[in-house]
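Thank you all for making the time this morning.

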Amino acid sequence: MTQTDRRGVHAEQVPAPARSSARAKFGSILFDDVQEARTERPAFFIDLNLDQVVDGIVGGRDDYNLTPFFHTPVERGDTVGYRHEVFRDLEKDALRAAVDEFAAAMRRVRSYLALVEKQPYVHETQRWFVDAAATYCGLVRRFADAVAGIEVESRGLRRFRGYLAGYCSSPVFASLESEAHEVIDGLQAVRYTVRIKAGRVTVQAYAGESDYTVEVERTFARFREGAAEDHLVKVPDSGSMDHVEARIAELVSRLFPAQFQALEVFFRAHGDFVDPVIARFDREVQFYLAYADYIQPLTAAGLAFSYPVLVDGWGETAVEGGFDLALAGKAGSAAGAIVPNDFALRGAERILVVTGPNQGGKTTFARMVGQLHYLAALGVPVTAGSARLALADQLFTLFGKREDITTLHGRLDEELVQVRAILQQATSRSLILLNEVLSSTTLEDAVYLGNEVLGRVADRGCATVWVTFVDELADTGAATVSMMAGVHPDDPSQRTYKIARKPADGRAYASALAEKYGLSYPRLRHRISP
Amino acid sequence: MKVRLMDRGRDFDPEQSLPAQADTLEQDLELGTLLDVIAQGDGYLRTIAQRSLLSGLQEVDAIRYRQQILADCLKHPAVVRALYQLAVKGVETKRDARFYWFRDSPDSVLQKSIGMLGLLADGLRQLRQLADENASGFDSEGFTRLFTALRQELDEEYLQAVAEHLHGLRFRRDAFMSASLGRANRGTNYVLRKPEERTLLQRITPSGPAGYSFTIGERDEYGMQALADLRGRGIGLVANALAQSTDHVLGFFGLLRAELGFYVGCLNLHDQLVERGVATCFPDPLAPHQGVASAGGLRDAALAFHLQQPPVGNDVDADRKQLVIVTGANQGGKTTFLRSVGLAQLMMQAGMFVAADWFRAPICRGLFTHFKREEDPTMTRGKLEEELHRMSDIADQVTANSLLLCNESFAATNEREGSEIAHQVLQAMTEAGVRVVFVTHLHDLAERVHRQQLDAALFLRAERTPDGNRSFRIIPGEPLPTSYGQDSYRRIFGLPAGTR
């Protein structure tokens, strides 16, 4: 059995609040209140294939450690709205470009600072430090300017924009910026010469000697016809100083003492210059970008995502064009071949009983329902053309593992224990997904057990998807909705992967007539070419 | 330094893409035979000639420009061949140098360039000397200009300056360079400087900037390597500039080889045609819209190399004719005639002589051939379908003032259908301003066009003497309802010849 449980949350270190109380307040782009990301993976992740999805989303962004955010559904519907606003803002190309540029520059700053720690020669490390500071100042100012010029509507980005404006005009930032530029300008103006003569190296200030390359080019200019192939050979380069270069740098520092003293002073004066609030934003905003980047190719392949409307009760649930994100992610550019499905719970309906042939898309359907609710609770666009969803307080999955022979013995008992545990924890706001469980017995037993459990589930008032081959369970009262996976009428071995509301009849010949008129799903789809 | 022997305003591009119909032309006009003669075993000459013939010139002036240069070549073949040999030798410097240099460091690039430039400078000097000795005998604008450039730009003073540069860069352990501080405070923007000037500057300003020195110990292998890398960065730009200069000089030799190659190929062809007694002349190119097209003694230049005696020449007067329909006896020289027209057109537009006593024709925008083919070996299409497909390809590309040569097109179906298709094609083509020469056995077609009494149509016929013999001559004559297949039948079955 698997379940979510909010009580065992491991809180992460809370970043220090902004240092100056005069600045606009801003905490997090992900939470409009205090809530911390959890580190452990929700147990239902594997059943819903959300582990694959999240791996795909955070892939290539390892430095940001985003996985905890995707393990943490929000506690309040308001936070979902807070995130939707930010998502919508980030759909604007100008803002997205600005954030990407900001993030790239922050990565550069971190890589420079890593070199400050790593490299052995002071003339090198101090230069990395001042370059990191200058890059940081530049990116902060560019980003502040960029967001100031873009219409943003989300609370999160408006607040962060205000915070940035205040930070940019603070004296701490101003002195960091001006001093870094002074130091770098001074170093960049240094010109020196190196004379190598049989192992002896002489370093002097440059005194205007003429360029040999220009002379050579001038001599052969009369043969020049258009562009020439490049013959520049890259000299092997570790990217950092070797000991000969370090000695040369030492001599250059003696030739230009003022510039190098300024560097040293800067290094000593500005310790940890990266603002913690900005650092936190840099990490957290990647949550949005990672998800947007993940779904972009799927959108391009024709799959529709939407911002769900949160509803208060299960009876208002309505989804059109829902699909399995893990399946779509695997299909990649072939995602257009994914078959979307609709479902709804109306009034007192709480339980979707899904029957139909093997390999007909039933498990995918159950996963899809679970994913939709989980994604809605993450505050991200969900995998459906339109969705009205209730926020589940807990999500339980129990997926029978048919192929595992070793657990067959006593499996029924084991499953019953797990079902009982779920029913103990579930509230009327919980979502339960049961897939081919309680079937390791005779049909009569399975009908009986199923009816019993369904009755308890119905009493609890929680939402449930029950995938089963026991047709009898599909008609157990007002809370139950029967759905069936479809097959082609003239070739029942062909699945349509369409799960539709209809009585469980064990077969799917009802659509034979439609096929005759060319109105079966694949025919019609084929006929209506894009 | 320009060569400009192929075009007054442009370098010749031996890599230029060929028109879409190039392969078809080559096959239908037996261009291979001609190219083999031109090459005389030199594959490069073959390529150049092929490109030149298949990408013909479009201006009367440009054709005349080459004709004049070719006339100079025919007067001084030995000098032209000697120039070509120098060009070839220059280009081959590169191939020789590749042998023992690896492109793995700025220094190896530098040393390789110094070596090659040394050899190329010798070649340049010899070119200049040939120009000095022979310039006065050449009259064409192209050669006059080339020789003048060689004599002015490659004078002794210049070649001396080149030699000095090459000498100054030979020292492999030294360098004097400037730098600024880049990332990590490491040196960057390394620029090799002329070292002599330092001593001069120091003399002027004795209190000049102080310097600091250190020495890398002989046993410090890492230090020595680091120093070598540093020098590599310093000489990188110069090595690149020198290597690029080498490329430029090689490029000049390459262009010289390509452009002279065309004329050397023409010399080869001319020698061989003369040997076989085939007359040549410089044709008279006319602007594309001019309707004048006639020739005397027009021969198939390729056929000359398959026969013991010179091929039969034809006189044609197709002035103001948009459509020429050729009918008549099998084996009567119709295809040969068609090929002679196509080859002469290609050769004229390449700036070459043609195999005729005289020849004048408008420049065609594009030359197209639609010849009967063997069955498609891939079996993807039926024969008629294959023909239609090819004609459709032509229709995609053809423009007004193009020349279309058809050889028994649409014979892959019955006469009535073939004639109907052909008639519609011909009507459309000619109305669009395409000139068409159509060799056919389709009597329905020929007869139908003949009845229309079009001024713009000319009917030619392969001559057959009353005893059934072929003269291989194409003469004016209306279409006849037989192609004398009987003659073939009789000949092959050993039956007595006779008229119908």
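Let me begin with a term: when I say contact, I mean heavy atoms within 4.5 Å. By that definition, residues 24 or more positions apart account for 78% of the contacts in chain A with a separation of 6 or more, and in chain B the corresponding share is 76%.

This is a predicted model, in which local features need pLDDT of at least 70 and side-chain atom pairs count only at pLDDT 80 or more, while totals for chains, interfaces and linings use all residues. Residues are numbered from 1 along each chain as its sequence is written, chains are lettered from A and ligands numbered from 1 in the order in which they are written, and side-chain values use heavy atoms, with hydrogens and water left out.

On confidence, pLDDT is the predictor's confidence in each residue, from 0 to 100. Chain B has a mean pLDDT of 86, with 87% of its residues at 70 or more, and the complex is given an ipTM of 0.74 and a pTM of 0.62 by the predictor. Over residues 375–382 of chain B, however, pLDDT stays under 50, and the model has 5 contacts beyond four places in sequence for that stretch. Where pLDDT is low, the predicted coordinates should not be read in detail.

Helices (H or I, at least four residues) and strands (E, at least two) are DSSP runs, numbered from the N terminus. Chain A has 17 helices and 12 strands, whereas chain B has 15 helices and 13 strands. Taking buried as under 20% relative accessible area, with exposed over 50% and partly exposed in between (1.4 Å probe, protein chains only), 50% of the 530 residues of chain A are buried, and 54% of the 500 residues of chain B.

Turning to the interface, the contact takes 74 residues from chain B and 64 residues from chain A. Buried area here is the accessible area (1.4 Å probe) that two parts lose on being put together, summed over both, and for these chains it is about 6900 Å², 56% of it on carbon and sulfur atoms. On the chain B side, L181(B), Y212(B) and F214(B) lose the most area to chain A, together 12% of what that side buries.

L181(B) also has a bridge partner, G187(B), in β2(B). Two strands pair if DSSP finds at least two bridges between them, and β1 (residues 174–181) and β2 (residues 187–192) of chain B are joined by 4 bridges and run antiparallel. Their hairpin has 5 residues between the strands, and A184(B) takes a positive phi near 60° there.

Next, 4 strands of chain B form an open, mixed sheet in the order β4-β8-β5-β6. β4 (284–286) and β6 (314–317) of chain B stand at the edges with a single partner strand each, so one side of each is left without a neighbour in the sheet. β4(B) runs parallel to β8 (residues 358–362) of chain B, joined by 3 bridges, and L286(B) stands opposite P362(B) in β8(B).

Finally, which residues of β9(B) are buried on each side? L367(B), T369(B) and F371(B) are buried on one side, and F368(B) and H370(B) on the other. β9(B) pairs in the parallel sense with β10 (residues 403–407) of chain B over 5 bridges, and H370(B) has C406(B) as its bridge partner in β10(B).
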